[in-house]
Amino acid sequence: MNDTDATPTDLEHQTDIDAQTDAETDHATETDTEGVQIARASEVLPALVPLLPVAARPFFPGQAVPLLMDAEHWRSTLMQVSESEHKILGVVLSRAESSEDTTAEDFHPVGTACRVHRVHDEEGKLQVLVECLQRFRIERLISRKAPFTARVEYMPEPKPVPEDEVKAYAMAVINTIKELLPLNPLYVEELKMFLDRFGPDDPSHLADFAASLTTSTADQLQEVLEAVPLLKRMEKVLVLLNKELELARAQQKIRASVEERMHKQQREFFLREQLKAIQKELGIAKDDRTAEVDKFKDRLKKLELTEEAQKRIDDELDKMAILETGSPEYAVTRNYLDWITLLPWGQHSKDKLDLKRARRVLDRDHYGLDDVKDRILEFLAVGIHKGEIAGSIILLVGPPGVGKTSIGRSIADTLGRKFYRFSVGGIRDEAEIKGHRRTYIGAMPGKFIQAMKDAGTANPVILLDEIDKIGASYHGDPASALLEVLDPEQNRDFLDHYLDLRFDLSKVLFVCTANQLDSIPGPLLDRMEVIQLSGYIADEKLAIARKYLLPRQIERAGLAKGAVKVDTKTLRALIEGYARDAGVRRLEKQLGKIVRKAAVKLLEEPVDADTEQAYSEPRAPEPVTVTADDLKGYLGSPVFRDERKLSGPGVVTGLAWTAMGGVTLSIEAVRTHEYNRGFKLTGQLGDVMKESAEIAYGYVVSHAIDFGADPNFFENGFIHLHVPAGATPKDGPSAGITMASALLSLARNKPVRRIAMTGELTLTGEVFPIGGVREKLIAARRAGIKEILLPADNEGEFDEVPEHVKKGLTVHFVSRFEDVAALLFAQKK
């Protein structure tokens, strides 16, 4: 660098270095003239020292330490030191995460002066060997950016003082190091290096050496480095040594435990292998392949295989004998044989064909449903006469919560058969029914083969839940795949894709459940025997709640038998206000909520101490009695309210069926204005219901005179017909006579009697039959309507309705709309 290019900082830096060099020379000369031993300039520690930050841990005097530094950042610093005569470098602990990120503020105040012995540059890294000489304190940083330079003050090591306390600390340090030596062999080598340079009677270097042995944190070691007084330093070092000793003992204990386990496992492995070899030589044991084959053959002895299955198994066993046990194909073959041999080929459980027992089981598990029970008993009676029940598919259709799934389980209990249930709702992949082909990784049989394996017999009761919700996608059509399963003529040779063998499902009793029939494909529905389960009336729900639901909820809550009391009036209010749906699922949930709140009340109820002392044993808490007035506090406001009784000209009550059961439906008709003729429909009606309204309007307009109405009423009026509860979609033809009656009532300006009706109307006035007769009667009964109009063609279905549902109802059967009109306005006798 030219003088003209030097900055003031550079000039100051160079001046300080020159002054220091002159001082060193003068010092050497003075010692020479006075006759003292001469010290060479290279042995004198300079006042200005280049600094090298380290981030891992500080270094102590007496150590020889290799360093690995980044060449790009520290090459200039180390080159400056190498070119100097004294080769002195200050190594200082940095507060930064790495040496390269160090700034002037990151240096600790105390560091170690080191002499650089070797610098080797290799692949962007500097390998440096330094000898640590003496502590120093940084007085002032001359250069605040890398390469760092500082003026330092050296802190000479204290001279050994023959004090008892120092000796005691030194002996404690030496004894602790002795305890550490057996626990970590690396300490032995480091101790040898220390003893080659220093003796055990040098407490200062002994303390520094002991600190360097530990794995303490950088801050703890820096505290030792900064502690110049000997006693203070040795006290800190002894604490760190004892922590290191505890850590080494813990590591030794863990290592011994792990080695003991490993030695035990290795010993057991070698002994097991030796035992296998000995047993194999003596002919006592077999290898894994032979053991697997023997296991499969043992299973086959209990089975009655078809000729096709026997041939396939023989072929697979031959293939398994020549495959390597570690090959993927061996695993595929083994899994295939495992599935085949676990299936119940020819294994059938014996049916319990006892009609009295069957009735007893059905009555035990279900209240009411007499018509359903009779159908099931008829089905079983035919099987008893035949001597077996096979090749049958029962479809239980009804609203949610009426007991379809539990009836399927009861049928299995009645026959003494194994029961297997799985839901087909939402299934979109044909492979769920017929299995995956073995070419796919992770292939498995379909649900029916899995059911046979789990049941362990070839004649279980299999329940297919939610069959009306089965889906379809690009993976295939599961409903079409079910056709083979549910056809008695085909399922004796059911072919699963995974097995690729014919398996006989003809002895299986299939029970399916659905909420409605509309979404079930026709060919599939044609293979089933349909049993309708209608909803429960209030009296049936009352009996079910008292006999089944409430005791079950009390038991689930872990309460005593009479801990919660709910009387008949409260149960009836609960059913009418909170659980008016067709099934009893909502009712059971509400009862569960009441029981849980009662359980809290039992625990929080205070007990009078005087009363408690009067008893020798703790007294059971008083039962919680729930009244009708308490229901709002337990369950909140009622979900269902009494159906509003709409009345007046143009208002007629109809009966409708939904998946949740029967409901009443008030239909309103008004003439909005006389500006022009028109007809408007509202209430979110479906296409079929809109067509029914058009038919009703056309029929009443064309026959207005016949029914005593003014024909000009429709000629000059705009008619608006509305079906309330507009948020609920509605569809179906059964409201035909109801809408026609509303239009006729409006035209005659005369309200109809308290009557409900249902029936499909044609353009010629014929009344066609409808479905869901029982549900609609229950809905009318719930609404308090005692007089009902039904199509004459539904009289047979009405006769099948249980007597307790028909009790108190007056039913008129109509075949034409003239019969309806005659009953609308006539006074009830």
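These legends accompany several close-up views of a predicted model. Local features need pLDDT of at least 70 and side-chain atom pairs count only at pLDDT 80 or more, while totals for chains, interfaces and linings use all residues. Residues are numbered from 1 along each chain as its sequence is written, and side-chain values use heavy atoms, with hydrogens and water left out.

**View 1. A parallel open sheet of 5 strands, in the order E8-E9-E12-E7-E13.** Strands (E, at least two residues) and helices (H or I, at least four) are DSSP runs numbered from the N terminus, and two strands pair if DSSP finds at least two bridges between them. Strand E8 (419–423) and strand E13 (529–532) are the edge strands; each has a single partner strand, so one side of each is left without a neighbour in the sheet. From one strand to the next, the twist averages 20°. Within the sheet, strand E7 (residues 392–397) and strand E12 (residues 509–514) pair in the parallel sense over 6 bridges. Look for Ile-394, whose bridge partner in E12 is Val-511.

**View 2. Helices H13 and H15 against the sheet.** Contact here means heavy atoms within 4.5 Å. Axes are lines fitted to C-alpha atoms, for helices over the stretch in contact, and angles run from 0 to 180 degrees between N-to-C directions. Helix H13 (residues 404–415) packs on the sheet and touches E7, E8, strand E9 (461–465) and E12; the direction of H13 makes about 165° with that of E12. Helix H15 (residues 447–455) lies across E8, E9 and E12, running at about 155° to E8.

**View 3. The largest nonpolar core, with 52 residues.** A nonpolar core is a set of buried Ala, Val, Leu, Ile, Met, Phe, Trp, Tyr and Cys residues joined through side-chain atoms within 4.5 Å; buried means under 20% relative accessible area, exposed over 50% and partly exposed in between (1.4 Å probe, protein chains only). The members that touch the most others are Phe-448, Ile-462, Leu-464, Ile-467, Leu-482, Val-485 and Leu-486. Helix H10 (residues 328–342) gives the most to this core, with 5 residues. Leaving aside neighbours within four places in sequence, the contacts of Phe-448 include Phe-422, Ile-433, Leu-505 and Phe-510. A second, separate core of 50 residues includes Leu-362, Ile-376, Ile-389 and Leu-463.

**View 4. Aromatic pairs, for which the count comes to 17.** Rings of Phe, Tyr and Trp (its six-membered ring) pair if their centres lie within 6.5 Å; planes under 30 degrees apart count as stacked, over 60 as edge-to-face and the rest as tilted. Phe-107 is buried at 8% relative accessibility, and Phe-148 is buried at 2%. Phe-713 and Phe-714 are also edge-to-face, at 5.3 Å and 90°. Elsewhere, Tyr-420, Phe-422, Phe-448, Phe-494 and Phe-510 form one aromatic cluster.

**View 5. Charges over rings at Tyr-336 and Phe-798.** A charge sits over a ring if NZ of Lys or CZ of Arg is within 6 Å of the ring centre and within 35 degrees of the ring normal. Arg-438 lies over the face of Tyr-336, at 3.7 Å from the ring centre. The charged end of Lys-806 sits over the ring of Phe-798, 5.0 Å from its centre.
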